[in-house]
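Subject: Handover of a structure, with notes on what was found

Dear colleague,

Please find below the structure that I am passing on to you. My notes follow it, arranged by topic.

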Amino acid sequence: MLDILFVTDFVCPYCLVAKVALEDALKETGMEAQIKIQPFELTPESRPRVDVCHDEERKKRYRILVEPAKALGLDMKLPPAVCPRPYTRLAFEGMYFAQEKGCEERYSDLAYRAYFEKEENIEEMDVLCRIAKEAGLDADAFQQALSEGTYTERVQEAVAYSRDVLKISGVPSIYLNGERISVESYTKEEMVRILLEGQAAASAGMCCGIDGCG
């Protein structure tokens, strides 16, 4: 079984496309894998929120994702009409609640899609509670845990690990059995090749970083 560490933020479009491509590639190859989502906040709450809606350069760079996203059945808005871009600490806290209930994968998928397909503000509690309910979680217990900050420290520690230990500067950052790979085209075909041949792309493609996308 493959051990996959997927370092991500829920507001990174490259992450959603890469994750779905990876999941589809695993299904096609029949390979078994355990995917662990590792949080990385593109915009920590100590920094101002980012306006991606009016960033023309960023919009141009997002074009690389249009065809891969369509091929994967994603109806992504690039960028979503949520301005400014949400903080994601609370959404990650929700992910850890879901993880303890065995619903991490479902919750995470819904969190990505709420932002990129439904153009919802995943910083808002009512949006996150709806996602939790759709994922099969107890929405009242979910809201209580997030309101009480049950998982705040856990998210902070995870983000610090991504930043200080893994030295992450951009997402998605993907590790297969401890070896970091680079994604260039964000297609299922590229992911199949990586899984079968164990080879990374010759050069890294676009990604999201703290200072922007590129």
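Predicted model: local features only at pLDDT ≥ 70, side-chain atom pairs only at ≥ 80, totals over all residues.

With which residue does E57 form a salt bridge, and how far apart are the closest N and O atoms? The partner of E57 is R61, and the closest N and O atoms are 3.6 Å apart.

**Salt bridges**

E57 and R61 both belong to helix α2 (residues 56–62), where they are four residues apart and so separated by about one helical turn. E57 has a relative accessible area of 40% and is therefore partly exposed. R61 is also partly exposed, at 30% relative accessibility.

A search of the whole structure finds 18 salt bridges. Another of them joins D75 to K77, with the closest N and O atoms 3.0 Å apart. D75 counts as partly exposed, at 49% relative accessibility, and K77 counts as partly exposed too, at 23%.

A further salt bridge links E93 with R89, and here the closest N and O atoms are 2.4 Å apart. Both residues lie in helix α4, four residues apart, or about one turn of the helix. Is E93 buried or exposed? E93 counts as buried, because its relative accessibility is 0%, under the 20% limit for that class. Elsewhere, salt bridges that share partners join R106, K118, E120, R130 and E134 into one network.

**Helices α4 and α5**

The crossing in which α4 passes α5 is right-handed. On the α4 side, the residues that meet α5 are L90, A91, G94, M95, A98 and Q99. On the α5 side, they are E104, Y107 and S108.

Y107 deserves a separate entry. Leaving aside neighbours within four places in sequence, Y107 is in contact with L90, A91, G94, M95 and A98, as well as with L128, I131, A132, A135, L137 and F142.

Helix α6 spans residues 125–134, and its buried residues are V127, L128, C129, I131 and A132. These buried residues pack against three helices: α4 (89–100), α5 (104–116) and α7 (139–147). Just after α6, G136 takes a positive phi of about 95°.

T8 lies in strand β1 (residues 2–8). T8 is buried, with a relative accessible area of 0%. Not counting residues up to four places away in sequence, T8 touches C15, I37, Q38, P39, F40, F92, Y112 and V171.

T88 is placed in the loop between α3 (66–71) and α4. Its relative accessible area is 1%, so T88 is buried. With neighbours within four places in sequence left aside, T88 is in contact with D9, F10, V11, E41 and I122.

Y186 is found in another loop, the one between β5 (179–181) and α9 (188–197). At 1% relative accessibility, Y186 counts as buried. What does Y186 touch, not counting residues up to four places away in sequence? The list is Y14, V17, A18, A21, L65, P68, L72, P172, M206 and C207. Y186 and L176 are ten residues apart in sequence, and the distance between them in space is 16 Å, C-alpha to C-alpha.

Yours sincerely

How values were computed. Residues numbered from 1 in each chain as written. Heavy atoms only, no water. Buried < 20%, exposed > 50% of the residue type's maximum accessible area, 1.4 Å probe, protein only. Helix = DSSP H or I, 4+ residues; strand = E, 2+ residues; numbered from the N terminus. Contact = heavy atoms within 4.5 Å. Salt bridge = Lys/Arg side-chain N within 4 Å of Asp/Glu carboxyl O. Left-handed = near helix turned anticlockwise from the far one by under 90°.
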